[in-house]
There are 4 protein chains.
Amino acid sequence: MELASRVVDRMYNNDPFSKWLGIERVEDGAGKSVLRMTIREEMLNGFDIAHGGITYALADSALAFASNGHGRMSVSVETSISHTESLKLGDVITATAEEMSISNKIAVYHITIRRQDEKVVALFKGTVYRTSKDWDV
Amino acid sequence: MELASRVVDRMYNNDPFSKWLGIERVEDGAGKSVLRMTIREEMLNGFDIAHGGITYALADSALAFASNGHGRMSVSVETSISHTESLKLGDVITATAEEMSISNKIAVYHITIRRQDEKVVALFKGTVYRTSKDWDV
Amino acid sequence: MELASRVVDRMYNNDPFSKWLGIERVEDGAGKSVLRMTIREEMLNGFDIAHGGITYALADSALAFASNGHGRMSVSVETSISHTESLKLGDVITATAEEMSISNKIAVYHITIRRQDEKVVALFKGTVYRTSKDWDV
Amino acid sequence: MELASRVVDRMYNNDPFSKWLGIERVEDGAGKSVLRMTIREEMLNGFDIAHGGITYALADSALAFASNGHGRMSVSVETSISHTESLKLGDVITATAEEMSISNKIAVYHITIRRQDEKVVALFKGTVYRTSKDWDV
């Protein structure tokens, strides 16, 4: 199995919140990640749409998986998200992480979340600090 | 009861995700909100610390409650968060929203999340669009 | 002449700071803008590289031109930038604005700045509020 | 002279763009900086108000001075700014940097820019990476 998949296995297999969210890994990779999940009843807010924390959490997981996929332990230092469409019960969303820039210590990712009809529902930008420790997997 | 509390009641009473998080309202207000919650097992990620989506969700709720507390329906347009300390099982966190700027259409909030030992664990900045619709409460 | 070019003409022709920067319009459009400039001596900071304010200013102009290019007066509400490479005297940089999302009141743009060797030097994200006033051009 | 002031001297004395802006140092410090400047004709945009790049540049300088003031070379990794009020010719603005969080590798600053009438005109948040190199001053 590829290094990226072994690292993400290690992260994902012990991640109770990703399990609660029902996150499905569509693609792993060095600097890449595609994740999918479905909006459930308990993820809604008072407007009957998905709470902003749900789409953020999906994007944040994609950031962690993509950046750690290089095999170096990496931690989020700053993230931002714009919620551009609201989500209803049963909507299926897919987060795609793209590595925009990488240096020895810092990497930047754009993560786009789309609904089943391909409409962009959230735009996320994340910056990570790349530690000097490698994953032992 | 104050307008802000009636609005937040309406939002909170029908918010399954805030309930799942166990969010407790410490203070409601026009442009203000203080919220508290405790980190549970199912909120942890693969590093045994709280998933970034948890602190984001708490801050995002504080943003919604503070901005709608003026009585005008307001929606998030851009948010950013820096996670500055990690959180363990059982940690109690408090989010305090402060209104930094408000105009007819746009308002900006700083939300600081602190742990039980007063250490800052996350810094959140949120911008909302203030619609022309009032809450009918 | 197209509406977008007439609007950007009006904005650009009376913009002393864009002139000082030496901004050249490569492409105008509704939701689009490509701008180019060259790093001069007086744009450097104490490390002999371009001051962060220079690349920000170029991206911010691209944001204004792209969003107003639809013919509706639009104002910036939140912007962020990551400086991923440093710039030296004589470097030529090109900012390309892409519209990621647009609704009646809010639009979001990604603006990528590249050096003459195509290397990405800055990643900018900008959110604008679209007023109800049209440009009279 | 204090370490922070020696570092900022070194940075500022060779900074042509800060000179062009007319930046005046009101206070130097480890994790602190207060800077002031006046809006001039050539800093205006097509709406006869200060270009967004001007207030960004002032805040970005405050970020550099405050973070490097600890004596460790520090570089910006992500910055965001909201422009909350417009500025006219002759307005005097003051940027105050506050250190919100600092660890071995990462520090976060809030920089507030106020006009002569104390009105907040811009809210800036900046994250820096702290290298392992010390300033030799």
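How many bridges pair β3(B) with strand β6 (residues 120–134) of chain B, and in which sense? The two strands run antiparallel and share ten bridges; two strands count as paired if DSSP finds at least two bridges between them. Helices (H or I, at least four residues) and strands (E, at least two) are DSSP runs, numbered from the N terminus. One of the pairs here sets Ile81(B) against Phe124(B) in β6(B).

Before going further, a word on the model. It is a predicted one, in which local features need pLDDT of at least 70, side-chain atom pairs count only at pLDDT 80 or more, and totals for chains, interfaces and linings use all residues. Residues are numbered from 1 along each chain as its sequence is written, while chains are lettered from A and ligands numbered from 1 in the order in which they are written.

The β3(B)–β6(B) pair belongs to an open sheet of twelve strands that takes in chains A and B, in the order β1(A)-β2(A)-β4(A)-β5(A)-β6(A)-β3(A)-β3(B)-β6(B)-β5(B)-β4(B)-β2(B)-β1(B), with antiparallel pairing. At its edges sit β1 (24–29) of chain A and β1 (24–29) of chain B, each of which pairs on one side only. On average, neighbouring strands are turned by 20 degrees against each other, direction ignored. Axes are lines fitted to C-alpha atoms, for helices over the stretch in contact, and angles run from 0 to 180 degrees between N-to-C directions. Helix α3 (residues 52–68) of chain A packs on this sheet, touching β1, β2 (32–38), β3, β4 (92–102), β5 (106–115) and β6 (120–134) of chain A as well as β3 of chain B. The direction of that helix makes about 150 degrees with that of β3(A).

Where the two chains join in the sheet, strand β3 (residues 72–83) of chain A runs antiparallel to β3(B), and three bridges link them. Here Ser80(A) stands opposite Ser80(B). The serine turns up again in the symmetry: chain B can be laid on chain A with an RMSD of 0.0 Å by a turn of 180 degrees and a shift of 0.0 Å along the axis, and in chain B the C-alpha nearest that axis is the one of Ser80(B), at 1.9 Å. Such superpositions are done by least squares on the C-alpha atoms of residues with pLDDT of at least 70 in both copies. Both copies use the same surface, since 100% of the contact residues of chain B recur in chain A.

As for the contact itself, 30 residues of chain B meet 30 residues of chain A, where contact means that the C-beta atoms of two residues, placed from the backbone, lie within 7 Å. On the chain B side, α1 (3–13), α2 (16–21), α3 and β3 (72–83) are the elements that give two or more residues. β3(B) gives the most, with eight residues. By type, this side of chain B splits into twelve nonpolar, twelve polar and six charged residues. In that count Ala, Val, Leu, Ile, Met, Phe, Trp, Tyr, Cys and Pro are nonpolar, Asp, Glu, Lys and Arg are charged, and the others, Gly among them, are polar.

Chain D is laid on chain B with an RMSD of 0.0 Å by a turn of 180 degrees and a shift of 0.0 Å along the axis, which is the relation of a two-fold axis. 100% of the interface residues of chain D are also interface residues in chain B, so the copies meet through the same surface.

Within chain B, Ala62(B) lies in helix α3 (residues 52–68). Ala62(B) is buried, with 27 other C-beta atoms within 10 Å; the cut-offs are 20 or more for buried and 12 or fewer for exposed, with partly exposed in between. Beyond residues up to four places away in sequence, Ala62(B) touches Ser33(B), Leu35(B), Ala95(B), Ala97(B) and Ile111(B).
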